Amino acid sequence: ASLPPKGAMMDNRFATALVIACVLSLISTIYLAASIGTDFWYEYHTLSPAENVSEAGRSIWEEFVSKDADEKTYTDALFRCNGTVGLWRRCITVPKNSHWYSPPETDMTTNCISFSLSDQFVEKYIEPGNHNSGTDLNRTYLWRLQFLLPFVSIGLMCFGALIGLCACACRSLYPAIATGVLHLLAGLCTLGLVGCYVAGIELLHKKLPLPEDVRGEFGWSFCLACVSAPLQFMAAALFIWAARTNRKEFTLLKAYRVA
């Protein structure tokens, strides 16, 4: 007479774990997607960007938007003009009217340029901007990984969600183990993304040190990715725990009934 209540209690416990895991998975997916699509992974804060632009005239903006702009050219512009960098775009803040004959303005606007697909796989050089200095393999592969890893992570979570739907259709918790493993791999990819980005920024600043009047810091887009990784790990743990514990207790319950 005591077996049905116990079974009901187990079902409620596992169902609660799965619901929490699904919510965590959804939140982590939203956070990661938002971080990929925004431009505030790293931010540079300059004391007087308007004066910097006025001194150099229109050349900074023209070089920044040029298709031939190399890493040193656009990084210098980011330093001088309150730049922000994302995985897909780079932005600088300039006066709305930056002609050489205009006085310095306080009315600023932010303009962005997207990295092309070829830019994501371009080689990085030991001396940024100097094509004759040789390829910097560390920075090259870190840059490529930080572009690929977030999409691998999202793909794994979507595949895990598909398996979860199949599990619901089959009314079985066993496929939840696969969902948990996929979320665990997705969390590792997101963690790798964060590590690659931090390492790439540190290596770049060793090659191109920040000017004295410029301060750099990681932005909120980067923080979203940092938060997404532990959410994925927690979702993975709940999926795996629910599936394995339910299977174990079902086996014990079956053995008890046979006995």
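Predicted model: local features only at pLDDT ≥ 70, side-chain atom pairs only at ≥ 80, totals over all residues.
Student: How many residues apart in the chain are F40 and W220?

Tutor: The structure holds 15 aromatic pairs. In one of them, F40 and W220 have ring centres 5.5 Å apart and planes at 25°, so they are stacked. F40 sits in the loop between α1 and β1 and W220 in helix α8 (residues 220-258), a separation of 180 residues.

Student: Is F222 buried or exposed?

Tutor: F218 and F222 are a stacked pair, 4.4 Å centre to centre with 25° between the planes. Buried means under 20% relative accessible area, exposed over 50%, and partly exposed in between (1.4 Å probe, protein chains only). F218, at 29%, is partly exposed. With a relative accessible area of 8%, F222 is buried.

Student: What is the order of the strands in the open sheet?

Tutor: Helices (H or I, at least four residues) and strands (E, at least two) are DSSP runs, numbered from the N terminus, and two strands pair if DSSP finds at least two bridges between them. Strand β1 (residues 42-46) and strand β2 (residues 84-85) run antiparallel and are joined by 2 bridges, with Y42 opposite V85 in β2. The sheet has 5 strands with antiparallel pairing, in the order β4-β3-β2-β1-β5.

Student: And which are the edge strands?

Tutor: In that open sheet of 5 strands, two strands pair on one side only. These are β4 (108-114) and β5 (214-218).

Student: How many residues apart in sequence are the parts tied together by D39 and R89?

Tutor: A salt bridge needs a side-chain nitrogen of Lys or Arg within 4 Å of a carboxyl oxygen of Asp or Glu. D39 and R89 meet in one at 2.5 Å, N to O. D39 lies in the loop between α1 and β1 and R89 in strand β3 (residues 89-95), so the bridge ties together parts whose separation in sequence is 50 residues.

Student: Which helix gives the largest share of the nonpolar patch?

Tutor: Patches are made of residues with over 30% relative accessible area and no salt bridge, joining like charges within 9 Å and nonpolar side chains (Val, Leu, Ile, Met, Phe, Trp, Tyr) within 5 Å. The patch of about 570 Å² is made by V19, V23, L26, I27, I30, Y31 and V227. One of these, V23, is partly exposed at 43% relative accessibility. The largest share, 6 residues, comes from helix α1 (residues 3-37).

Methods:
Residues numbered from 1 in each chain as written. Heavy atoms only, no water. Areas by Shrake-Rupley, 256 points an atom, 1.4 Å probe, with all protein chains shown as cover. Phe/Tyr/Trp six-rings, centres within 6.5 Å; stacked < 30°, edge-to-face > 60°.
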